[in-house]
There are 2 protein chains.
Amino acid sequence: MLERFKVPDKDKIFISETEIYELTKRVLMASGVSEKGADNTASVLIGNDMRGVESHGISNGLRLYLNRYDSGENNPTPNIKIVKESPTTAKIDGDGALGTETGPIAMEMAIEKAKKYGMGSVSVFNTGHLAGCGYYPLQAVNEDMIGHCFTGSPAKQTLPTWGSEPILGTNPVAWAAPADEMPPFLFDIATSQVAGNKIELTRRTGAKLLPSWIADEDGEPIMEEIETPDKGQYHLLPFGGTRENGSHKGFGLGFVGEMMTNILSGAGPAIFNDHQGSDFFVAYSIDAFTDVGKFKTDMDALLRRIIESKPATGYERVVYAGYLENEEYVKRSKDGIPYHIEVVEWFEDYCKKNKIDCDLR
Amino acid sequence: MLERFKVPDKDKIFISETEIYELTKRVLMASGVSEKGADNTASVLIGNDMRGVESHGISNGLRLYLNRYDSGENNPTPNIKIVKESPTTAKIDGDGALGTETGPIAMEMAIEKAKKYGMGSVSVFNTGHLAGCGYYPLQAVNEDMIGHCFTGSPAKQTLPTWGSEPILGTNPVAWAAPADEMPPFLFDIATSQVAGNKIELTRRTGAKLLPSWIADEDGEPIMEEIETPDKGQYHLLPFGGTRENGSHKGFGLGFVGEMMTNILSGAGPAIFNDHQGSDFFVAYSIDAFTDVGKFKTDMDALLRRIIESKPATGYERVVYAGYLENEEYVKRSKDGIPYHIEVVEWFEDYCKKNKIDCDLR
C-alpha cells in the first residue's frame, strides 16, 4: 500500500494480533454471530491488518459489518447451504452472511476438492462483504496449493473505458502461491485504479489523490492531484486510468470478475439486482502438475532474482506482490498492529455501550 | 487495437479468410508440418487476423515460425505426449512444437475434462509461440464454457515495478465467455503496457509510441511521445506504466502468468532456462454452476448495458472486450483481411522460391 494510505505516526496505537482478535470475536458474538462465524470474520479482517492492508481490515470493516447486521442487510445467524455440487465444483447459498464468514468455508471446500481431483472451485452467492480477496488464496498456500479468488463488489462504482456511467464494482481479484524460503507470492488487487476503501481511507489520513486516479462526474479523468471529493462527486476509473495507458485492461479484468462471481453464480449482474454479492474461489493442486518441492524452489529462485535486481534511478529496491505485506506481517507480529486512535476510541465506546470487555491500552 | 497499429489504407490488400488459410496451410505443410498441425497454426493466426489482432496474426507470425522451423528452434514434426494426467488436469510435452499447434489440442482436452467434471486445466511445456491467448478461450465459448489461458513468453522483456532489469516476458492472459445475442466477451491482453509485437508493428505502420509506454535502458519510464527505439535500446513496462498509476498490477499479473505456465509445468522460470515456453489452459463448465441459458441472457443484459451507456466527453461510444474484434470479424468475413502489401509480397517471393501455389491477387 502506498505511504499516503497509512496511519500518521502521531495517531498510532499498537495492539497485538491476539488482543484485537479476541476483542473482535467478542464484539461479533455479541451481535449473535456464531463462534465459527466470528472466528472467520475476525481472522480475515485481522489477517489483512497484519499484512498492512488496512483498507480491508478492522478499521473500515468492523463497524460497517455491525451496522449491516443491525440494519438487516447481513445475517449474523445464516444457514449456509450447498445448493449444487460436483466432484470439483460447488455452489453455496450464503443466506446473507458476510463474505468474511462464507469465504474461508468456500475456499476450504475448493482445497478439499483439489486434494482429490487436482482442482476445485466454489461459487458463493447471497453473501456480503469479502474484505478484499487476499486472505483466501493464502488458505490454499498453507496447503501447498495455488489459490485464486474473485469477488463481485457493489455495482455502479467504476467507469468503463471511454464511459461516463459507472457500471461495475471495483471487483477485486487475487492469486497466491507458496515459495520455499521466500515469503509467498500474494497478488491482491482491485480492478479499479484505486480501491474504493482506499479512497475512503484518505479521509482519515488526509492524503491527496494522484492524477488519473478518479474521474469527474462526466467521466473525464482528473489529471491533477486533488483532495478527495465528496461521495457521489466522482467516479472510479478502471486500472490504467485512460485508454492510452491501458484502462481497457482494468475494465476487462473487472468484467471477468463480474462474470466469474455474480453471473456464474446465477445471482445476475450486480447493476440490475439489489442482491448481496457473489464470490468465486479456486484451488489448484501443484502436485497434480509438477513436483511441489521443485515448484517452491523455482518460486524462490525467481522471487529472489526480483528482490536482488537493480532498482530504477530514484528507487531503493524492487519487490514482488506480497513481499512488503510479509514485512509488515513480521513487524506487526512483534510490535502489534498500529491502529488509528480514532479506531481504538470507537472500540472503547462501542464496548462500553454494549457491555463487552475491552482493555486495549 | 489502437488505430496507430493498423495498416495504412494505401498499403492494404484484401484477401479472403479461406484463401489465406489455404495458402498458409500449404506453406506450413511444405515445411513438413502435418495437416492437423498446419490447420491448428493457420486457424490460430488467421483467427487473430479476422478479429483485427494483426500483432498476433500472419504478418508477424508466419515468417517467424518458418525461420524457427529452419533454425531447429521449433519442431515441425513433434511427438506431442501427455506426461501426467488426472480426471481434471493434464500436462503435455509439446516436443518443441509451436504453441499454435499444441494450444488448440490442449484447450480441447480441458474442454473435454470440464464436460465430465465441471472444470479442466491443461499445462503444456516444451512448446513455442502461442500467438497471444485470445484464440483458445473462444474454443471453450463454442462449447458454452468459460475459457481462460496464460502463456509464458520469452523472459527479460518487461521491467518489474521500480526495477531497471527486465525479468519477465510480456506474459499474456485471456478469458472468454459466451453471450446469447451479443458478441462473446473476449478479454485478451499482454501484461506489459504494450505487447512486444505491437511495438514491432509500429516499425511497419510508422506510428509513434505514447508517453509511459516503454522505459529507457535505466528503467526510467519515457514520458513523451517518441519514435520506436531500436531493439535493445528500451525496456517494456508492466501495464500501468508507473507505480502511482498501478504498474504493480501489471507486474503482479505478469508474475501470475509465469507461475501458472513455466513454474507450474515444471519447466522452470524462463529467465533461468533456455527452454521453449509453457502455456496453461482452463475450461469451466457454466452448467456446473448455473443454467447456461440464464448465464447467456445475463451476459447479454450486462454487455448491452455497457454498449448503450453514455460515453465520456470526446468519445463516440463505449465498448467491452471483444466487441470491436467482433466488428472486425464481421467486416473481414465480408471484405477479406487487409494485409500490408509487404506481407503479400513476402508470400509471393516465398512461394516462388519454394514452388508453392500462390495466387493472392
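In what order do the 7 strands of the open sheet in chain B follow one another? The order in this predicted model is β2-β3-β4-β10-β5-β6-β7, and the pairing is mixed.

View 1. One residue to look for is Asp93(B), whose bridge partner in β4(B) is Phe125(B). Helix α4(B) lies across β3, β4, β5 (145–151) and β10 (277–285) of chain B, and runs at about 160 degrees to β4(B).

**View 2. Strands β5 and β10 in the sheet of chain A.** The open sheet of chain A has 7 strands in the order β2-β3-β4-β10-β5-β6-β7, with mixed pairing. Its edge strands are β2 (81–85) and β7 (185–189) of chain A, each of which pairs on one side only. Strand β5 (residues 145–151) and strand β10 (residues 277–285) of chain A pair in the antiparallel sense, over 7 bridges. His148(A) has Val282(A) as its bridge partner in β10(A). Helix α4 (residues 99–117) of chain A packs on the sheet and touches β3 (89–97), β4 (119–127), β5 and β10 of chain A. The direction of this helix makes about 160 degrees with that of β4(A).

**View 3. Helices α1 and α2 of chain A.** Helix α1 (residues 17–30) and helix α2 (residues 35–50) of chain A pack at an angle of about 140 degrees, with their axes 9 Å apart. That angle makes α1(A) oblique to α2(A). The crossing of α1(A) and α2(A) is right-handed. Residues of α1(A) in the contact include Ile20(A), Tyr21(A), Thr24(A) and Leu28(A), while those of α2(A) include Ala38(A), Thr41(A), Ala42(A) and Leu45(A). By class, the residues of the contact of α1(A) with α2(A) are 9 nonpolar, 2 polar and 4 charged.

**View 4. Helices α2 and α4 of chain B.** The axes of α2 (residues 35–50) and α4 (residues 99–117) of chain B come within 8 Å and cross at roughly 95 degrees. α2(B) and α4(B) are therefore roughly perpendicular to each other. In α2(B), Gly37(B), Asn40(B), Thr41(B), Ser43(B), Val44(B) and Leu45(B) meet Thr100(B), Glu101(B), Gly103(B) and Pro104(B) in α4(B). The residues of this contact comprise 3 nonpolar, 6 polar and 1 charged.

**View 5. The contact between chain A and chain B.** Here 72 residues of chain A are in contact with 72 residues of chain B. On the side of chain A that touches chain B, β3, β4, β6 (173–177), β7, α7 (247–263) and α8 (292–307) each supply at least two residues. α7(A) gives the most, with 9 residues. This side of chain A has 36 nonpolar, 23 polar and 13 charged residues. α7(A) also lies across β6 (173–177) and β7 of chain B, running at about 135 degrees to β7(B).

**View 6. The rotation axis between the two chains.** Chain A is superposed on chain B by a rotation of 180 degrees with 0.0 Å of shift along its axis (RMSD 0.0 Å). The two copies are thus related as by a two-fold rotation axis. Among the residues of chain A, Gly240(A) comes closest to the rotation axis, with its C-alpha at 2.5 Å. The same surface serves both copies, as 100% of the contact residues of chain A recur in chain B.

Technical notes: Residues numbered from 1 in each chain as written. Chains lettered and ligands numbered in written order. Predicted model: local features only at pLDDT ≥ 70, side-chain atom pairs only at ≥ 80, totals over all residues. Pairing = 2+ DSSP bridges. Helix = DSSP H or I, 4+ residues; strand = E, 2+ residues; numbered from the N terminus. Contact = placed C-beta atoms within 7 Å. Axes fitted to C-alpha atoms, helices over the stretch in contact; angles between N-to-C directions. Nonpolar A, V, L, I, M, F, W, Y, C, P; charged D, E, K, R; others polar. Parallel < 35°, antiparallel > 145°, perpendicular 65-115°, else oblique. Left-handed = near helix turned anticlockwise from the far one by under 90°. Least-squares fit on C-alpha atoms with pLDDT ≥ 70 in both.
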